[in-house]
Amino acid sequence: MIDRDRNGAKRRSASEWREPKRGAGGDRRGAAAPSANIEIERYELRRQPTYRFEVERRQFMKIFAAVGGGLLVASVPDAGAQQESGGGGATQAAARDVSAWIHVDEAGRVTGYTGKTEIGQNIRTSLAQAIADELRVPLTAVSLTMADTDLVPFDQGTFGSQSTPRMAPVLARAAAAAREMLIDRAAASWGVDRAGLTCSDGRVTGGSRSAAYGDLVKARKLAGIVPAETPVGAPAAWRTRGAAAQKVDGRSFVTGRHRYTPDVTRPGMMHGRIIRSEGYTGTLASFDDAAARALPGVVVVRDGDFAGIVAPTDRLARKAAAAIRAEWRIPENLPSSSTIYDHLKKTGTSSGGGRGSAPFATGDVAAARAAAARTFDVSYRIPYIAHVPLEPRCAVAEWTDGKLTVWTGTQRPFGVRSELAAAFRLPEDRVRVIVPDTGSAYGGKHTGEYAVEAARLAKAAGRPVKLVWTRKEEFSYGYFRPAGVIDVKAGVDAGGRLTSWEFDNWNSGGSAIRTPYEVPSQRIQFHPSDSPLRQGSYRGLAATANHYAREMHMDAIARALGADAVEYRLRHLEDARMRAVLTAVAQKAGWPKPAAAGRALGIACGTEKGSYIATAAEVSRTADGFKVERLVAAFECGAIVNPDGLRNQVEGSVVQGLGGALFEHVEFGGGAIVNGTMARYRVPRFKDMPALDVLLLDRKDLPSAGAGETPIVCVAPAIGSAVRAFGAVASELPVRLA
Amino acid sequence: MATFSLRLNGRTHRVEGEPDDSLLAVLRYDLDLTGSKFGCGEGHCGACTVLVDNQAVRACVTRLGAVAGASITTIEGLAPGDRLHPVQEAFLEAEAFQCGYCTPGMVMATVGLLRTTPSPSDQDIAKLMDRNVCRCGTYSRIVKAIRLAAARMKNSDSVTPQAVRR
């Protein structure tokens with residue numbers, strides 16, 4: 001993406017981006033130095049700040065947030081297991097040495113503090129389960145303070161399915177350490193050997209003596225850090241974890257009482273609107289705000305290409321925004337959704353930096369290809385798609401005595417804090433970001449431009465300001481899952497066994513780009529390209545695109561060879577976990593026989609982020625195409641923490657995958673999004689729901705992996721391969737008969 | 001600006017507004033009733049669903065001028081005090097949500113659905129709930145919640161849904 005900031009400097013495109021030198025301080029304003037651990041397609045983390053404002057420097061001022069009495073345990077990660085740094089979080093080094101803490105107050109109430117955000121994935125419940133289990137308290141005694149940068153330790157963000165594999169063990173260890181400290185104190189005050197003491201139901205007990213946790217720390221504070229050797233319970237010993245737990249804030253959802261960011265109000269709060277072009281790009285050519293300024297109490301803000309209004313009421317804000325006469329200069333000859341694939345290939349480079357981008361090669365592809373009995377070459381096309389979180393991007397900003405507080409729905413509270421600090425030239429301890437549990441994100445809320453916009457308006461107005469993006473702004477000014485072109489070339493020997501595999505992905509990304517199938521000669525490469533639309537993380541990243549191309553290709557080869565699609569895959573699979581999910585799903589789906597005449601089955605399997613998925617689709621023929629009648633998914637992510645919560649995540653991920661498989665695609669041209677409304681951009685609805693079976697394979701012997709993302713990746717190829725029973729299927733998404 | 005009288009959740013409210021104001025903006029900004037959510041502003045996501053004279057409507061595309069004199073129920077007025085309506089209860093039991101943003105609208109749409117169609121078929125649900133989106137994809141759980149609520153409300157003695165204590 002090449003566009004210009006207000007100083008006329010070219011922003012670097014993803015393909016131009018270079019890995020910064022390790023240890024380099026970096027340009028704070030750039031605030032965009034992701035570590036090599038961040039997948040390359042998280043383009044939004046590398047983007048330059050959207051706005052730069054002229055704000056005077058402020059003096060540094062420390063703000064200390066104090067936790068009251070009781071017991072406080074901090075978790076300090078091992079040197080080798082430091083949290084990754086996200087873009088915009090690069091200036092956080094000092095705060096990184098604590099990753100979570102747990103507090104037990106004098107009434108025995110337990111609070112876990114974590115920088116993770118609750119966005120519907122239900123970690124508020126599952127992380128509380130981990131604490132309750134290790135601390136031996138009922139789940140109802142535990143609450144979590146999440147994602148308030150003044151109250152919780154630094155965290156890189158909630159993405160990449162990392163909360164369960166990383167944050168849950170951290171909190172579990174902190175809880176276990178707290179339990180051991182409480183035992184120590186009881187042993188000391190009773191003058192007994194700690195070996196005879198046990199914890200249960202919030203009490204330490206030994207012989208005839210027993211004390212509640214709160215009483216043990218009453219009037220005598222206790223603080224410590226988690227010792228490296230703190231023992232935590234193995235999954236086989238879990239009690240609260242491993243059992244279904246109701247979502248802790250469910251009641252506030254069904255009553256409408258939960259206040260999401262758009263529901264936050266502040267005393268004296270005003271309402272903001274940003275003035276934008278009709279499309280997704282453009283520079284301001286003319287601006288007439290006379291009519292808007294004439295409205296009572298309306299403030300108009302111009303700062304470079306930033307233009308916005310603030311009004312005392314939402315009603316006046318709408319009027320004022322409509323009263324602005326602005327003209328925009330739109331660049332000519334921009335790519336459109338019909339020319340995008342040529343554009344991506346034409347601008348593609350051999351490799352950029354970041355995980356998943358290094359070319360992979362093994363064996364001798366040229367020789368294997370020359371010796372192949374048959375070859376199969378197809379180019380697959382993947383469109384941009386939108387996250388469409390139901391809660392639009394929104395922020396409420398308030399300046400008090402030079403300190404900025406912003407409530408906003410984001411997956412990266414500390415990253416947004418850095419963006420705000422950079423935009424307003426503030427030290428980070430003068431900025432507080434508070435994230436109310438958010439109306440979903442799916443990877444789309446990693447950046448803080450709406451927080452910056454609200455803060456800029458609030459600064460001009462001298463009052464708190466709420467900014468809620470319209471649905472149109474969501475479609476035009478958020479970022480998308482990258483479009484891509486994937487060329488797959490495969491060769492098989494006379495026995496049908498795969499001998500060569502070439503896989504080139506332009507622009508969509510490197511996640512799950514490697515094949516899990518055993519092929520002696522391989523060449524696999526990701527090619528970053530110039531993206532005309534702003535692009536970034538999306539649930540599962542490019543794993544969905546790469547699985548679509550790979551699994552559709554495997555299916556096509558099996559069909560051409562007259563082989564069974566399950567047997568053909570198993571012939572090339574050594575990974576026992578992958579074989580297990582594939583076998584389980586085939587059996588549950590009744591493979592290879594569909595449930596009714598005129599229907600067809602398709603299947604796909606894959607792995608990403610440490611978990612395994614196989615999906616089967618049953619489709620029927622309709623007058624204008626096909627209908628998905630049933631989806632069966634088998635999922636394995638190690639030891640299961642919250643079975644019902646996990647099932648909910650897997651179902652939701654599969655349903656979201658249905659959208660990308662069947663109809664979601666962003667149409668654009670002339671610098672504007674063509675289908676950027678809820679009416680025109682179709683997402684899955686009740687009528688689209690097939691029967692849905694989810695099989696969860698519990699592996700208590702394996703560490704828990706995250707589950708929110710991976711179940712999405714095999715929906716499209718399962719459907720696409722099923723539809724092949726009715727005719728040739730176009731090698732693109734959404735799935736359609738050619 | 002003119003004064004509009006709204007019959008809302010059993011009480012009468014006076015609102016200074018304009019006939020073209022959306023009911024949703026009036027609820028959220030003038031009356032601080034934030035249970036009805038803003039999702040799209042086009043009437044196509046259902047997060048703002050409320051009942052107007054017992055019928056589920058999208059508040060974001062309902063004009064203030066069109067509802068003066070009508071009886072409006074929002075999620076806040078569905079059940080008295082700390083009680084839950086059977087539909088709310090069913091959503092809670094079926095854990096028919098993830099992020100919860102669509103939930104108030106889903107609950108209100110379900111109440112509207114069950115008032116006209118007390119024993120909905122799968123087709124009825126797909127058709128009558130079509131303007132409500134759950135982007136987290138919890139549809140199968142919502143269907144389960146609708147069935148649960150329908151069964152309970154049918155078994156209850158009163159004709160109108162009765163609030164139950166949880």
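Start by selecting β3(B) together with strand β5 (residues 71–73) of chain B: they run antiparallel, joined by 2 bridges. Strands here are DSSP runs of E, at least two residues long, and helices are runs of H or I, at least four long, both numbered from the N terminus; two strands pair if DSSP finds at least two bridges between them. Click Val52(B) and you'll find its bridge partner in β5(B), Ile72(B).

Before going on, some ground rules. This is a predicted model, where local features need pLDDT of at least 70 and side-chain atom pairs count only at pLDDT 80 or more, while totals for chains, interfaces and linings use all residues. Residues are numbered from 1 along each chain as its sequence is written, and chains are lettered from A and ligands numbered from 1 in the order in which they are written.

The chain's mean is 93, with 94% of its residues at 70 or more. Residues 157–166 of chain B are a stretch to treat separately: pLDDT stays under 50 there. For the complex, the predictor gives an ipTM of 0.94 and a pTM of 0.89.

Which residues meet across the chains? Select the 41 residues of chain B in contact with 47 residues of chain A, where contact puts C-beta atoms, placed from the backbone, within 7 Å. Elements giving two or more residues to the chain B side include α1 (23–30), α4 (103–116) and α6 (139–155). By class, that side has 22 nonpolar, 12 polar and 7 charged residues; Ala, Val, Leu, Ile, Met, Phe, Trp, Tyr, Cys and Pro count as nonpolar, Asp, Glu, Lys and Arg as charged, and the others, Gly among them, as polar.

Finally, hop over to chain A, with its 16 helices and 28 strands. Buried residues (20 or more other C-beta atoms within 10 Å of their own, with C-beta atoms placed from the backbone) make up 55% of its 738 residues. Zoom in on Leu171(A), which touches Ala100(A), Ile102(A) and Leu127(A), among others.

Methods:
A residue is buried if 20 or more other C-beta atoms lie within 10 Å of its own, exposed if 12 or fewer, and partly exposed in between; C-beta atoms are placed from the backbone. Two residues are in contact if their C-beta atoms, placed from the backbone, lie within 7 Å. pLDDT is the predictor's confidence in each residue, from 0 to 100. Lists of a residue's contacts leave out its neighbours within four places in sequence.
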